Amino acid sequence: MIKDNAAIGVIGAGTMGTGIAQVASTQGHKVYLYDAYPQQLEKSKAGLKSILARQVEKKRMTQEEVDGILGRINFVDNITNFGECGFVIEAIVEDLDIKKDTFARLEGIVSKDCVLASNTSSLSIAAISSALKKPERFLGVHFFNPAPLMKLVEIISGIATDDKVFNSTKEFIRSWNKITVSGKDTPGFIVNRVARPFYGEALRIYEEGIADAATIDWAMKEIGGFRMGPFELMDLIGHDVNYEVTSTVFEAFYYDPRFKPSFAQKRMVEAGWLGRKSGQGFYNYKDESRNPVPEKDEKLGQEIFDRILTMLINEACDAVFMNIASIEDVDLAMQNGVNYPKGLLKWGDEIGLKNVLDRMTALQVEYREDRYRPNPLLKKMVAEQKSFYE
Ligand SMILES: NC(=O)c1ccc[n+]([C@@H]2O[C@H](COP(=O)([O-])OP(=O)(O)OC[C@H]3O[C@@H](n4cnc5c(N)ncnc54)[C@H](O)[C@@H]3O)[C@@H](O)[C@H]2O)c1
């Protein structure tokens, strides 16, 4: 449905919009990148120029390629040219009313066949689509930051999305050298839902005083093979952002204790300890000598890693159990959206699903909290002696 040579409209020239415009232009499309604030357009253009100049310096791109990419992007302060576009993706501020207002205005300008998408992380596709007269041509197309580097794009069908629109958009985004996965319109979609225990269980272990941030990070990297530990990752994301996502998911799941935010992180936000960007988070970025040193105790490290991984696998099982995504897509999503070293369900198979269930049950028996309830699919698989992959 979206033509191979379609012009692409991107709304919002911030972090994500600029990255998505770069991806589309690199694929040879004419791009219109619109922002309501002219200074943001200037910032976006200057940022992109400097990113691409570095690619030339590192000999990853030629000057001609860079000129081509920049030349195909039109930085515009209005959406009048969007009538030319075959696909428009919105990446503006995460505010439902502003997004709805933007799509209502846009629908009066674009052609009848133009596919419309939102890059939202936490709003429902159904809620945004309520602003449209033709919601069947609207869906979620969720890129990860930085969009040019991260391979994963979650394609989310809304309640009214036409199957043909969904399938052709998926195919179209795949033609941009991206890995696409299909997810249901539920809070956090796939990655931001399944990844919650990576932060949540790490914070719980920290709050219980079992280990400090540096030791937990060490365990997840050295024993687990994760690229970053949960605390350094939260410091990088920003505690304000991470706490907000956690709270939104918790509320959206009608306060399911599995997603309960932590007091430790709330206090960091309240104190203005936002992580790298403020100079202080779980680590100090001004004076590294003040940082905790990991206690490299193998037995403790293994216990920490086992507990967090068990919770992650249980959550991945839930995403399949609740039909959020297929087994393969859940694994692809976590490997390519947050760079996990293995797919979680494959990892479960490798450890043995019975072992995963035993660990979950042990946590549930110890704490008697609903947070630690083993997923029904996990229990069923173990009872039937099945694994996710042959
Ligand atoms: N940052 C991430 O890691 C990330 C990852 C995936 C998805 N997202 C989602 O992408 C969207 C954008 O996030 P971001 O991090 O790029 O935000 P950002 O703040 O960097 O950029 C948002 C841009 O939208 C512009 N804007 C605001 N209101 C507008 C309007 N009415 N019309 C046109 N432009 C307007 C702002 O001027 C700004 O340039 C959000 O929905 C967010 O949830 C973000």
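**Exercise 1. Helix H10**

In H10, the residues Pro230, Phe231, Glu232, Leu233, Met234 and Asp235 are buried; work out how far H10 is covered, and by what.

*Solution.* Begin with the ground rules. This is a predicted model, in which local features need pLDDT of at least 70 and side-chain atom pairs count only at pLDDT 80 or more, while totals for chains, interfaces and linings use all residues. Residues are numbered from 1 along each chain as its sequence is written.

Step 1: A residue is buried if 20 or more other C-beta atoms lie within 10 Å of its own, exposed if 12 or fewer, and partly exposed in between, with C-beta atoms placed from the backbone. Helices (H or I, at least four residues) and strands (E, at least two) are DSSP runs, numbered from the N terminus.

Step 2: find the cover. H8, helix H9 (213-223) and H11 are among the elements that cover the buried residues of H10.

Step 3: look just past the end. Gly238 follows H10 and has a positive phi, near 105°.

**Exercise 2. H8 against H11**

Describe how helix H8 and helix H11 are placed relative to each other, and list the residues that meet.

*Solution.* Two packed helices are described by the angle between their axes and the distance between the axes.

Step 1: read them off. The axes of H8 (residues 196-207) and H11 (residues 239-252) come within 11 Å and cross at roughly 100°. Here axes are lines fitted to C-alpha atoms, for helices over the stretch in contact, and angles run from 0 to 180 degrees between N-to-C directions.

Step 2: classify. Angles under 35 degrees count as roughly parallel, over 145 as roughly antiparallel, 65 to 115 as roughly perpendicular and the rest as oblique. H8 and H11 are therefore roughly perpendicular to each other.

Step 3: list the contact (C-beta atoms, placed from the backbone, within 7 Å). H8 brings Arg196, Tyr199 and Gly200, and H11 brings Asn242, Thr246 and Val249. By class, this contact has 2 nonpolar, 3 polar and 1 charged residues. Ala, Val, Leu, Ile, Met, Phe, Trp, Tyr, Cys and Pro count as nonpolar, Asp, Glu, Lys and Arg as charged, and the others, Gly among them, as polar.

**Exercise 3. Ala325 and Val320**

Are Ala325 and Val320 buried or exposed, and what do they touch?

*Solution.* Step 1: Ala325 is in the loop between helix H13 (298-321) and helix H14 (327-337). With 26 other C-beta atoms within 10 Å, Ala325 is buried.

Step 1: beyond neighbours within four places in sequence, the contacts of Ala325 include Val181, Ser182 and Gly183.

Step 2: Val320 is found in H13. Val320 has 22 C-beta neighbours inside 10 Å and so counts as buried.

Step 3: not counting residues up to four places away in sequence, Val320 touches Ile327, Val330 and Leu377.

How values were computed: Two residues are in contact if their C-beta atoms, placed from the backbone, lie within 7 Å.
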